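Hello,

Here is the structure we spoke about. Please look it over before reading my notes below.

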Amino acid sequence: MKIIKVLGSGCKNCETTAELIARKAADAGTDVTVEKVTDMGTIMAYGVMSTPGVVIDEKLVHMGGVPKPEQVDAWVKA
Amino acid sequence: MSIHTQDPAGHAARPAWAWHAGVVAFVILWFAIYKQLPALSEWLTALLPVDRFSPTGEALAFFLYDAPKVIMLLALIVFAMGVVRSFFSPEKTRALLSGKREGVGNVMAASLGIVTPFCSCSAVPLFIGFVSAGVPLGVTFSFLIAAPMVNEVAVILLWGLVGWKVAVVYLIFGLGIAIVAGWVIGRFHLEGWLQDWVKEIHLGSAASALPEEDLTMIDRYRQGIASVRDIVGKIWIWILAGISLGAIIHGYVPQEAMVSIMGSGAWWSVPAAVVVGIPMYTNAAGIIPIVEALLDKGAALGTVLAFMMSVIALSLPEMLILRKVLTTRLIAVFVGVVGSGILMVGFLFNAIF
């Protein structure tokens, strides 16, 4: 099971990103947990300056905006 | 890392030449329509059952001319800046600024503030990211002041609606305030006035883990289109509100009243404009149609510039966001320094013009 964290202060783009990932994962039938991380100290610890950022199994894969659908497809592939 | 926004649905492989040709054709078409706008708005106003020279007629003509003009200007500029911004990122800007001396650093930070993609929802992580990577506090402030104040939307709308001279003045003095205010804040050495948890933050090693992507010119066009959809989609309502208010001022507020309140004779109008501007939260797109109408009715240039700068640079919501990282004392210094700069610009211009 993949643990996907969406880093962001709770702005609209962060919500959109989390929903997009959850939906794509459901479509792909992959078992994922989507967590929203809003604590600024934790976000900074991943080195993210422009939110939303995406972390998969503790590895930063994206930051600076809502990811493209194709990117998300690649992340949630089983 | 650049801003990624969702792609348009049909983005199947279109050849590069088609994209370039499409962009050129779009720009030509844009200019052709733009040239016809005055005639178009007069024609539309004439269709309405009002006297063209009555206050209502004036207000309607103002609205019907300004609304399409502002939206068109905005679409073109936001697209162009979306393409330009794809060459910059907060990470690159930080790398350029870290360890820079104050002075040179302030100038660079204010200039980079214009072109670096920045959203006020990222202000906090960006602030911490800069400061913890060794960008001096004052230099960080120069960036944070310039980024919202001297943006392409403000400058181009001023150019289109009020005239190029005012736009250039705004650009130069907006940059000037960002540079000087940042430098002054730096001289105070207020690093101790950050919130405690900020001082303890250490950037994770993941900071450099993401490689820069290679973007093609087509990717950059796509980012331009995405930012048009994003920004124009978000602010059109503000623009229409601003233009409506501008139209009302244009049609109904008597010139003498405006001159007595906001004319250069009233010295207190500059500080009043700054104070009134702080709790107002709109963006450049909403405020400039109002600026145009105020100037048109005889308000003094310095007073209007001070009002506009105060609305954009000193916004209460942004201060509340920054409260997470700055102590109240530091925010007070920030407001004091930037406010004084705006006051000086206001008085200076009222004295000159």
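**Chain B**

Of the 353 residues in chain B, 44% count as buried. Buried means 20 or more other C-beta atoms within 10 Å of the residue's own; exposed means 12 or fewer, and partly exposed lies in between, with C-beta atoms placed from the backbone. This is a predicted model: local features need pLDDT of at least 70, side-chain atom pairs count only at pLDDT 80 or more, and totals for chains, interfaces and linings use all residues. Residues are numbered from 1 along each chain as its sequence is written, while chains are lettered from A and ligands numbered from 1 in the order in which they are written.

Chain B has 16 helices and 0 strands. Helices (H or I, at least four residues) and strands (E, at least two) are DSSP runs, numbered from the N terminus. Along the principal axes, the C-alpha atoms of chain B fill a box of roughly 70 × 60 × 30 Å. Take the contacts in chain B between residues at least 6 apart in sequence: 87% join residues at least 24 apart. A contact needs C-beta atoms, placed from the backbone, within 7 Å.

**Chain A**

Chain A has an open sheet of 4 strands in the order S2-S1-S3-S4, with mixed pairing. S2 and S4 (59–63) of chain A stand at the edges with a single partner strand each, so one side of each has no neighbour in the sheet. Pairing requires at least two DSSP bridges between two strands.

The pairs are as follows.

- S1(A) (residues 2–7) and S2(A) (residues 32–37) are parallel over 6 bridges. Lys2(A) stands opposite Val32(A).
- S1(A) and S3(A) (residues 53–56) are antiparallel over 4 bridges. Leu7(A) stands opposite Gly53(A).
- S3(A) and S4(A) are antiparallel over 4 bridges. Here Gly53(A) stands opposite Met63(A).

Pro69(A) lies in helix H3(A) (residues 69–76). Pro69(A) counts as partly exposed because 14 C-beta neighbours lie inside 10 Å. Pro69(A) and Glu15(A) are 54 residues apart in sequence and 15 Å apart in space, C-alpha to C-alpha.

Best wishes

Methods:
Two residues are in contact if their C-beta atoms, placed from the backbone, lie within 7 Å.
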